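Please keep the sequence and the model in view while reading.

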Amino acid sequence: MPQASAHALSEATCHLRRLVDFAEPRPDDTCLDLDCGTSDVLSPWVRHVTSTDAASVPDGPFTLITARLTPTPDTDPVALVRRLLGVCAGRLVIADLVRTRAGDSGRIERLRDPARTTTRTFGDLMDLVHEAGGETRRLEVFTIERPVEPWLADVGDGDRIRQELTAELDGGPKTGARPRLIGRELWFTQSWAYVAAAPAGAGRR
């Protein structure tokens, strides 16, 4: 299992660096990180980073905010984005898993993490920003392939997930996770979206 843990750590680091590259931090930025884990990666490049969760968003202003919405199932997402836009004096970058057309990939995510209540489509995410009083400035949608075992390393019982992914390979129902075998190892696909937004009508910085 040490190999799986090392692989998972490498994946997480690469993902954070891609998110930071999309966010385009500046030396004079004052940053807020909400459940993304970008603090360590951002710290060398910006003036200050504050880490928090949805329950304790501090007063701003912040010129760069990075946020994930899926770890906050008990929070009204529109109200949360509205709150973040209210303390945003620059750009808000939302990073989240999105649902694909090839089956309900959100269901597999919920099997792994029962606290997850929904996986939005990319359109849902953009609509959410608009409803909260923001406007989209930039966006990126991409997929990543991951080995299943590191992803399930901290799950008490991942057998059901393995069985469903393997069944799809054998012609069974689509899970949305697009599994495949690489060598003898089971891999799956996640779809991610990054959305850079700002309060509606705000000037570009």
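The model shown here is predicted. Arg 160 forms a salt bridge with Glu 164, and the closest N and O atoms of the pair are 3.5 Å apart. Both residues belong to helix α7 and lie 4 residues apart, about one turn of the helix. Glu 164 counts as buried, because its relative accessibility is 18% and the limit for a buried residue is under 20%.

Helix α7, which covers residues 159–169, holds another such pair: because Asp 159 and Arg 162 are 3 residues apart in this helix, about one helical turn separates them. Their salt bridge has its closest N and O atoms 3.0 Å apart. Asp 159 is partly exposed at 41% relative accessible area, and Arg 162 is likewise partly exposed, at 25%. Together with Glu 149, Asp 159 and Arg 162 make up a network of salt bridges.

## Overall architecture

The chain contains 7 helices and 7 strands. Read from the N terminus, these elements follow the order α-β-α-β-β-α-β-α-α-β-α-α-β-β.

The chain has 205 residues, of which 46% count as buried. Its accessible surface comes to about 10500 Å², and carbon and sulfur atoms contribute 50% of that area. Among contacts in the chain with a separation of 6 or more, 68% are between residues 24 or more positions apart.

## Other charged features

How many salt bridges does the chain have? The count comes to 8. Side chains of opposite charge can pair when their charged atoms come close. One of the salt bridges joins the side chains of Arg 137 and Glu 135, at 3.0 Å from N to O. Arg 137 is buried, with a relative accessible area of 19%, whereas Glu 135 is partly exposed at 30%.

Thr 30 belongs to strand β1, residues 30–34. Thr 30 counts as buried because its relative accessibility is 17%, which lies below the limit of 20%. Apart from neighbours within four places in sequence, Thr 30 contacts Arg 47, His 48, Pro 61, Phe 62, Thr 63 and Leu 64. Ser 39, in helix α2 (residues 39–42), is also buried, with a relative accessible area of 15%. With neighbours within four places in sequence set aside, the contacts of Ser 39 are Asp 33, Val 49 and Ser 51.

Leu 139 lies in strand β5, residues 134–147. Is Leu 139 buried or partly exposed? Its relative accessibility is 44%, so Leu 139 counts as partly exposed. Not counting residues up to four places away in sequence, Leu 139 touches Phe 22, Phe 122, Met 126 and Tyr 194. Leu 139 and Ala 95 are 44 residues apart along the chain, and their C-alpha atoms are separated by 10.0 Å.

## Backbone geometry

Most residues other than glycine have a negative phi, and most peptide bonds are trans. Against that background, which peptide bond is cis? The bond from Gly 60 to Pro 61 is cis, with omega near 5°. Pro 61 sits in the loop between β2 (48–52) and β3 (62–67), and Pro 61 is among the residues that Thr 30 contacts.

Two residues other than glycine with a positive phi may also be noted. Glu 24 has phi near 55° and lies in the loop between α1 (2–23) and β1. Asp 35 has phi near 65° and is located in the loop between β1 and α2. Glu 24 is partly exposed, at 44% relative accessibility, and Asp 35 is partly exposed as well, with a relative accessible area of 29%.

Conventions. Residues numbered from 1 in each chain as written. Predicted model: local features only at pLDDT ≥ 70, side-chain atom pairs only at ≥ 80, totals over all residues. Heavy atoms only, no water. Buried < 20%, exposed > 50% of the residue type's maximum accessible area, 1.4 Å probe, protein only. Contact = heavy atoms within 4.5 Å. Areas by Shrake-Rupley, 256 points an atom, 1.4 Å probe, with all protein chains shown as cover. Salt bridge = Lys/Arg side-chain N within 4 Å of Asp/Glu carboxyl O.
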